[in-house]
Amino acid sequence: IERTRLGPDDLPERIDLQMRLARAYHDDKQFEAAIATLRRAIEKEPRNSQIHFLLGEYYVELNRMPEAEASFRSAVESSRKGFTGPSLALGYTLAMQEKYSEAIAEFEKVIAIDAAQPTALYYLACCHDSLGARAKAVEYFTRCADVKSPHQEKAVQELKRLQLLERTGGAAHAGR
(Lines give C-alpha, C1' and ligand atoms only; values in the text may rest on other atoms or scores of the structure.)
Protein backbone atom coordinates (compact mmCIF):
# COMPACT_ATOMS: atom_id res chain seq x y z
CA ILE A 1 0.00 0.00 0.00
CA GLU A 2 1.42 3.31 -1.02
CA ARG A 3 1.30 6.10 1.56
CA THR A 4 0.11 9.50 0.51
CA ARG A 5 1.92 12.43 2.06
CA LEU A 6 -0.11 15.52 2.79
CA GLY A 7 1.39 18.93 2.27
CA PRO A 8 0.51 22.14 4.10
CA ASP A 9 -2.05 23.07 1.45
CA ASP A 10 -3.80 19.71 1.82
CA LEU A 11 -4.82 20.18 5.45
CA PRO A 12 -8.48 19.82 6.28
CA GLU A 13 -10.28 23.00 7.33
CA ARG A 14 -11.93 21.50 10.40
CA ILE A 15 -9.87 21.86 13.55
CA ASP A 16 -10.91 18.44 14.88
CA LEU A 17 -9.57 16.84 11.70
CA GLN A 18 -6.34 18.82 11.96
CA MET A 19 -5.89 17.57 15.51
CA ARG A 20 -6.53 13.99 14.36
CA LEU A 21 -3.98 14.48 11.61
CA ALA A 22 -1.46 15.84 14.13
CA ARG A 23 -2.04 12.78 16.33
CA ALA A 24 -1.54 10.50 13.33
CA TYR A 25 1.75 12.25 12.50
CA HIS A 26 2.77 11.91 16.15
CA ASP A 27 1.87 8.22 16.24
CA ASP A 28 3.97 7.76 13.10
CA LYS A 29 6.90 9.52 14.87
CA GLN A 30 6.66 12.48 12.47
CA PHE A 31 6.95 14.95 15.33
CA GLU A 32 7.78 18.08 13.37
CA ALA A 33 4.85 17.48 11.02
CA ALA A 34 2.57 17.02 14.04
CA ILE A 35 3.81 20.27 15.57
CA ALA A 36 3.49 22.16 12.27
CA THR A 37 -0.06 20.89 11.87
CA LEU A 38 -1.01 22.08 15.36
CA ARG A 39 0.65 25.46 14.84
CA ARG A 40 -1.43 25.97 11.68
CA ALA A 41 -4.56 24.98 13.61
CA ILE A 42 -3.68 27.61 16.24
CA GLU A 43 -3.53 30.23 13.49
CA LYS A 44 -7.17 29.44 12.74
CA GLU A 45 -8.32 29.09 16.36
CA PRO A 46 -5.83 30.90 18.62
CA ARG A 47 -8.09 30.56 21.70
CA ASN A 48 -8.54 26.79 21.42
CA SER A 49 -7.02 25.44 24.64
CA GLN A 50 -7.08 21.83 23.38
CA ILE A 51 -4.73 22.64 20.53
CA HIS A 52 -2.33 24.52 22.81
CA PHE A 53 -2.45 21.69 25.33
CA LEU A 54 -1.70 18.98 22.77
CA LEU A 55 1.12 21.07 21.33
CA GLY A 56 2.55 21.47 24.83
CA GLU A 57 2.42 17.71 25.37
CA TYR A 58 4.36 17.12 22.15
CA TYR A 59 6.97 19.69 23.15
CA VAL A 60 7.38 18.02 26.57
CA GLU A 61 7.83 14.67 24.86
CA LEU A 62 10.61 16.22 22.76
CA ASN A 63 12.10 17.88 25.88
CA ARG A 64 11.52 21.34 24.40
CA MET A 65 10.46 22.82 27.72
CA PRO A 66 10.44 26.55 26.90
CA GLU A 67 8.12 25.87 23.96
CA ALA A 68 6.00 23.56 26.11
CA GLU A 69 5.77 26.28 28.75
CA ALA A 70 4.54 28.80 26.17
CA SER A 71 1.96 26.35 24.84
CA PHE A 72 0.67 25.46 28.30
CA ARG A 73 0.49 29.15 29.27
CA SER A 74 -1.72 29.69 26.23
CA ALA A 75 -3.81 26.67 27.23
CA VAL A 76 -4.23 28.07 30.75
CA GLU A 77 -5.28 31.46 29.39
CA SER A 78 -7.85 30.00 27.01
CA SER A 79 -9.23 27.10 29.07
CA ARG A 80 -12.56 27.11 30.81
CA LYS A 81 -12.71 28.16 34.44
CA GLY A 82 -12.28 25.28 36.86
CA PHE A 83 -10.36 23.05 34.43
CA THR A 84 -7.06 22.06 36.08
CA GLY A 85 -5.27 20.16 33.30
CA PRO A 86 -3.44 23.11 31.74
CA SER A 87 -2.27 24.50 35.12
CA LEU A 88 -1.07 21.06 36.14
CA ALA A 89 0.87 20.65 32.88
CA LEU A 90 2.28 24.17 33.12
CA GLY A 91 3.38 23.55 36.70
CA TYR A 92 5.15 20.36 35.68
CA THR A 93 6.90 22.11 32.80
CA LEU A 94 8.01 24.95 35.06
CA ALA A 95 9.30 22.48 37.66
CA MET A 96 11.30 20.64 34.99
CA GLN A 97 12.98 23.96 34.21
CA GLU A 98 13.68 24.51 37.94
CA LYS A 99 11.28 27.46 38.06
CA TYR A 100 9.98 26.16 41.37
CA SER A 101 8.24 29.27 42.66
CA GLU A 102 6.27 29.66 39.44
CA ALA A 103 5.48 25.94 39.44
CA ILE A 104 4.22 26.16 43.01
CA ALA A 105 1.84 28.96 42.00
CA GLU A 106 0.37 26.78 39.23
CA PHE A 107 0.04 23.71 41.44
CA GLU A 108 -1.64 25.82 44.12
CA LYS A 109 -4.23 26.89 41.53
CA VAL A 110 -4.99 23.21 40.98
CA ILE A 111 -5.19 22.49 44.71
CA ALA A 112 -7.57 25.44 45.16
CA ILE A 113 -9.98 23.67 42.78
CA ASP A 114 -9.26 20.06 43.79
CA ALA A 115 -7.62 19.83 47.22
CA ALA A 116 -6.84 16.12 46.77
CA GLN A 117 -5.37 16.22 43.25
CA PRO A 118 -2.46 13.77 43.75
CA THR A 119 -0.19 14.92 40.94
CA ALA A 120 -0.40 18.53 42.11
CA LEU A 121 0.20 17.48 45.73
CA TYR A 122 3.21 15.38 44.78
CA TYR A 123 4.86 18.03 42.63
CA LEU A 124 4.05 20.78 45.11
CA ALA A 125 5.94 18.74 47.69
CA CYS A 126 8.85 18.17 45.29
CA CYS A 127 9.08 21.88 44.47
CA HIS A 128 9.04 22.89 48.13
CA ASP A 129 11.66 20.22 48.85
CA SER A 130 13.84 21.57 46.03
CA LEU A 131 13.58 25.05 47.54
CA GLY A 132 14.57 23.69 50.96
CA ALA A 133 11.12 24.22 52.51
CA ARG A 134 11.01 20.84 54.26
CA ALA A 135 7.94 21.54 56.40
CA LYS A 136 5.88 22.38 53.30
CA ALA A 137 7.33 19.37 51.49
CA VAL A 138 6.32 17.10 54.37
CA GLU A 139 2.84 18.66 54.43
CA TYR A 140 2.21 17.99 50.73
CA PHE A 141 3.90 14.57 50.65
CA THR A 142 1.69 13.59 53.61
CA ARG A 143 -1.45 14.77 51.84
CA CYS A 144 -0.38 12.93 48.69
CA ALA A 145 0.38 9.74 50.65
CA ASP A 146 -3.21 9.81 51.95
CA VAL A 147 -4.68 9.72 48.42
CA LYS A 148 -4.84 6.48 46.42
CA SER A 149 -2.89 7.31 43.26
CA PRO A 150 0.19 6.40 41.23
CA HIS A 151 2.07 8.97 43.35
CA GLN A 152 1.08 7.48 46.70
CA GLU A 153 4.04 5.11 47.12
CA LYS A 154 6.54 7.72 45.91
CA ALA A 155 5.11 10.19 48.44
CA VAL A 156 5.52 7.63 51.24
CA GLN A 157 9.13 7.02 50.17
CA GLU A 158 9.83 10.77 50.10
CA LEU A 159 8.38 11.17 53.59
CA LYS A 160 10.68 8.41 54.85
CA ARG A 161 13.63 10.09 53.14
CA LEU A 162 12.81 13.45 54.71
CA GLN A 163 12.38 11.86 58.14
CA LEU A 164 15.77 10.18 57.77
CA LEU A 165 17.35 13.45 56.68
CA GLU A 166 15.78 15.21 59.64
CA ARG A 167 17.30 12.65 62.00
CA THR A 168 20.72 12.63 60.33
CA GLY A 169 20.97 16.25 59.18
CA GLY A 170 21.58 15.11 55.56
CA ALA A 171 21.25 16.93 52.26
CA ALA A 172 17.85 18.34 51.29
CA HIS A 173 16.99 16.13 48.31
CA ALA A 174 19.67 13.64 47.54
CA GLY A 175 18.60 10.85 45.23
CA ARG A 176 15.08 11.91 44.08
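Analyst: Angles over 145 degrees count as roughly antiparallel, and angles under 35 degrees as roughly parallel. The model discussed here is predicted.

User: Are H5 and H6 roughly parallel or roughly antiparallel to each other?

Analyst: The axes of H5 (residues 85-96) and H6 (residues 100-113) come within 8 Å and cross at roughly 160°. Angles over 145 degrees count as roughly antiparallel. The relation of H5 to H6 is therefore roughly antiparallel.

User: How do the residues of the contact of H5 with H6 divide by class?

Analyst: On the H5 side the contact includes Leu88, Tyr92 and Leu94, and on the H6 side it includes Glu106, Phe107 and Lys109. The residues of this contact divide into nine nonpolar, two polar and three charged.

User: Are H1 and H3 roughly parallel or roughly antiparallel to each other?

Analyst: H1 (residues 15-27) packs with H3 (residues 49-61) at an angle of about 10°, and their axes are 11 Å apart. Angles under 35 degrees count as roughly parallel. H1 and H3 are therefore roughly parallel.

User: Which helix gives the most to the lining of the second largest pocket?

Analyst: About 180 Å³ of space lies in this pocket, and among its lining residues are Met19, Arg23, Gln50 and Leu54. H1 and H3 each supply at least two residues of the lining. With five residues, the helix that gives the most is H3.

Terms used
Residues numbered from 1 in each chain as written. Predicted model: local features only at pLDDT ≥ 70, side-chain atom pairs only at ≥ 80, totals over all residues. Heavy atoms only, no water. Axes fitted to C-alpha atoms, helices over the stretch in contact; angles between N-to-C directions. Helix = DSSP H or I, 4+ residues; strand = E, 2+ residues; numbered from the N terminus. Parallel < 35°, antiparallel > 145°, perpendicular 65-115°, else oblique. Contact = heavy atoms within 4.5 Å. Nonpolar A, V, L, I, M, F, W, Y, C, P; charged D, E, K, R; others polar. 1 Å grid on protein atoms, 1.4 Å probe; cavity = no way out; pocket = protein on both sides within 12 Å on 5 of 7 lines; lining within 4 Å. Points joined across faces, edges and corners; volume = space filled by probe spheres on them.
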